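Biologist: I would like to learn how to read a few features of a protein model, one at a time. Could you take me through them slowly?

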Amino acid sequence: MARKIKKDVTLGVQLKFICGECRIPQKHVVLTSYEDCIAEEGFDSQTSYQIVQCLNCEALCFRSEYEDSESHSYDMSTGEDYYWSTEHIFPHRTAGRFKIKDSFTLPPGVGKAYDELVSAMNAGQTILAGLGIRVVLESVCVDLKAEGDNLFKKINGLLKLNAITESDVSILHKLRALGNTAAHEAKPSSPEQLDLAMNVIEHLLLGTYIHPRLASSVFRS
Ligand SMILES: [Zn+2]
C-alpha cells in the first residue's frame, strides 16, 4: 500500500449544500484541503478533507469526500460512465433540524444534552435521539429540582413547580415512554415521533429558560 498526502487539490471548488447558519442550500467554496490518497494493487482511493466556507454568510464548516476506483459504473441507457462519492459535512445538518435561537444561554447541563440530541437527530441516529429526548427531560427536572425519585414523578413535580401545564404533562409522559423504549429495547423511534418530541422539548426549553431571560432583557424596567 502506498499512501500519499496531497494539499489543496480541491482548493476553490464550489459546492452547493445546506448552510448551518443560513439554514437553506447555499454555494460554498473550499478554502483549503488535504487529500489522503491510497494506492493498492488494482485499487485506488482518495479522501479529501476540506475546510469550506458559505459564500453568503461566511460561516465555516468541515467537509470530507471519499471516492475510489470502484465508485463509478457504466450506464447502459446513456452509454456513459457515471461517478459517485461519499460526503460528510460537520456539524451535521442533513435532517434540517437547527438549534433553537439563543440555545447557548441554557444551563450547562441542559444545553449539553440538547446539543447532543440535535446532533443525533441530524445524523439520523434514531435510537440515540429517542434516548436523548429522555436525557434532556431528566436534565431539566434536575435543574429545576423537580421532586421525585424517578422521571414519572419528576414530570409531575414540574407541574407542581408551575414549570409546565396539565396538557404538557400528558405529552411529556409520552416522550418518557419513547425514551424507555429506546433504552430498553434499542428500538428506533419513527421520524414523526421524534419530530413531534423535538417540538415539545424545544417548547419546554423556550418557555422555561429562553423566553423569561429574553423578556427580562427586552422589557427592562
Ligand atoms: Zn451561510
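Modeller: Let us begin with the word helix, which here means a DSSP run of H or I with at least four residues, numbered from the N terminus. Please keep in mind that this is a predicted model. Just after the helix α4, Ala186 takes a positive phi of about 50°.

Biologist: What should helix α4 span, and how far apart are its end C-alpha atoms?

Modeller: The expected span is 1.5 Å times one less than the number of residues. Helix α4 covers residues 166–185, so its 20 residues should span 28 Å, and the 29 Å between its end C-alpha atoms agrees with that.

Biologist: Which residues of α4 are buried?

Modeller: Buried means under 20% relative accessible area. In α4 the buried residues include Val169, Leu172, Leu175 and Leu178, and Asp168, His173 and Arg176 are also among them. What covers the buried residues of α4 includes α2 (126–143), α3 (151–160) and α5 (191–218).

Biologist: Which protein donors does the zinc ion have, and what arrangement do they make?

Modeller: For four tetrahedral donors, the ideal angle at a metal is 109.5 degrees. Here the protein donors are the SG atoms of Cys19, Cys22, Cys54 and Cys57, lying 2.3 to 2.4 Å from the zinc ion, and they follow the spacing C-x2-C-x31-C-x2-C along the chain. The 4 donor atoms subtend angles of 105 to 115°, so the arrangement is tetrahedral.

Biologist: Is Cys19 buried or exposed?

Modeller: Cys19 is buried, because its relative accessible area is 2%, whereas Cys22, with 22%, is partly exposed.

Definitions and conventions
Residues numbered from 1 in each chain as written. Predicted model: local features only at pLDDT ≥ 70, side-chain atom pairs only at ≥ 80, totals over all residues. Heavy atoms only, no water. Helix = DSSP H or I, 4+ residues; strand = E, 2+ residues; numbered from the N terminus. Buried < 20%, exposed > 50% of the residue type's maximum accessible area, 1.4 Å probe, protein only. Contact = heavy atoms within 4.5 Å. Donors = N, O, S within 2.8 Å, 3.2 Å for Na, K, Ca; no water. Tetrahedral: all angles 85-135°; square planar, octahedral: opposite > 155°, others 65-115°.
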